[in-house]
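Please keep the sequence and the structure in view while reading.

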Amino acid sequence: MPRISCGCYWIGIDPGAFGGLAAIDGSGCVDLLAKPATDQDVWQWLCLKQGGVGFSPAIECFAVIEQNTGYVGGAGNPGSAMFKFGCSHGMLEGFLVAASIPYEQITPGQWQRALGIQPRGKGKGKGKESKTQFKNRLKQRAQQLFPGKPITLATADAVLIAYYCRLKQEGRLAR
């Protein structure tokens, strides 16, 4: 059932260490929170979307949190980093539950395909897109959708995930 009203928030969460949170309201306004924010900052931000601490959920919210696999190994991915990422992801889910915000998890490929975003080419060689180029392409797409908003590399994925969340909740994505 569509949830179309100005008293509604669609929330996108990129749980990475340098990810972010984004909320889009029924009028298309965007509110951003870049990480690394403190746990208290994240909790207060989510509570404000739902009506404040000690609230009764009068504002409709729905969130999508990006689900990533816990790959351990390789350069720059020690087990301790994956453990920290898992703890952060779990805390974000706990915050959503505590704030009574229904949510679902989705892989990066799922939301990117749904928004018509060409995936990043894998491997090396001529014509392959670097991670930086891909992230800049995501930021550019978010800026096209929401011109004039202070979208950064840290918040671009979250904005696109929130946009995906809105389209899905409004029934505007192909099934």
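## A residue with positive phi

S100 counts as partly exposed, because its relative accessibility is 42%, a value between the limits of 20% and 50%. S100 belongs to the loop that connects helix 2 (79-98) with strand 5 (103-106). Its phi is near 60°, which is positive although the residue is not a glycine. Most residues other than glycine have a negative phi.

## The model and its confidence

The structure is a predicted model. The average pLDDT of the chain is 83, and 79% of the residues score at least 70.

Where pLDDT is low, the predicted coordinates should not be read in detail.

## The chain as a whole

The chain contains 5 helices and 5 strands. Read from the N terminus, the order of these elements is β-β-β-α-β-α-β-α-α-α.

Of the 175 residues in the chain, 40% are buried. The chain exposes about 9,400 Å², and carbon and sulfur atoms supply 55% of that area. Among contacts between residues at least 6 apart in sequence, 56% join residues at least 24 apart.

## Helix 1

Helix 1 covers residues 39-50, 12 residues in total. From its first C-alpha to its last it reaches 17 Å, close to the 16 Å expected at 1.5 Å a residue. The buried residues of helix 1 are V42, W45, L46, C47, K49 and Q50.

Helix 4 runs over residues 131-145.

Which residues of helix 4 are buried? They are F134, L138 and A142. Viewed down the axis of helix 4, the buried residues fall within an arc of 80°, and therefore they line one face of the helix. An α-helix has 3.6 residues a turn, so residues three or four places apart point the same way.

The cover over the buried residues of helix 4 includes helix 3 (108-114) and helix 5 (153-169). On the face turned away from the buried side, helix 4 carries the exposed residues T132 and Q144.

## T155 in helix 5

T155 is part of helix 5. Is this residue buried or exposed? T155 is buried, because its relative accessible area is 2%, under the 20% limit.

Apart from neighbours within four places in sequence, T155 is in contact with L32, L33, A34 and P150. A polar atom of the T155 side chain also lies 3.0 Å from the backbone nitrogen of T152.

## F18 in a loop

F18 sits in the loop between strand 1 (8-14) and strand 2 (20-25). F18 counts as exposed, because its relative accessibility of 65% is over the 50% limit.

Leaving out neighbours within four places in sequence, the contacts of F18 are K35, P36 and A154. F18 and P36 are 18 residues apart along the chain, and their C-alpha atoms are separated by 5.9 Å.

Definitions and conventions. Residues numbered from 1 in each chain as written. Heavy atoms only, no water. Helix = DSSP H or I, 4+ residues; strand = E, 2+ residues; numbered from the N terminus. Expected span 1.5 Å × (residues − 1). Buried < 20%, exposed > 50% of the residue type's maximum accessible area, 1.4 Å probe, protein only. Arc of directions from axis to C-beta. Contact = heavy atoms within 4.5 Å. pLDDT = per-residue confidence, 0-100. Polar contact = N/O pair within 3.5 Å; in protein donor to acceptor, adjacent residues only side chain to side chain. Areas by Shrake-Rupley, 256 points an atom, 1.4 Å probe, with all protein chains shown as cover.
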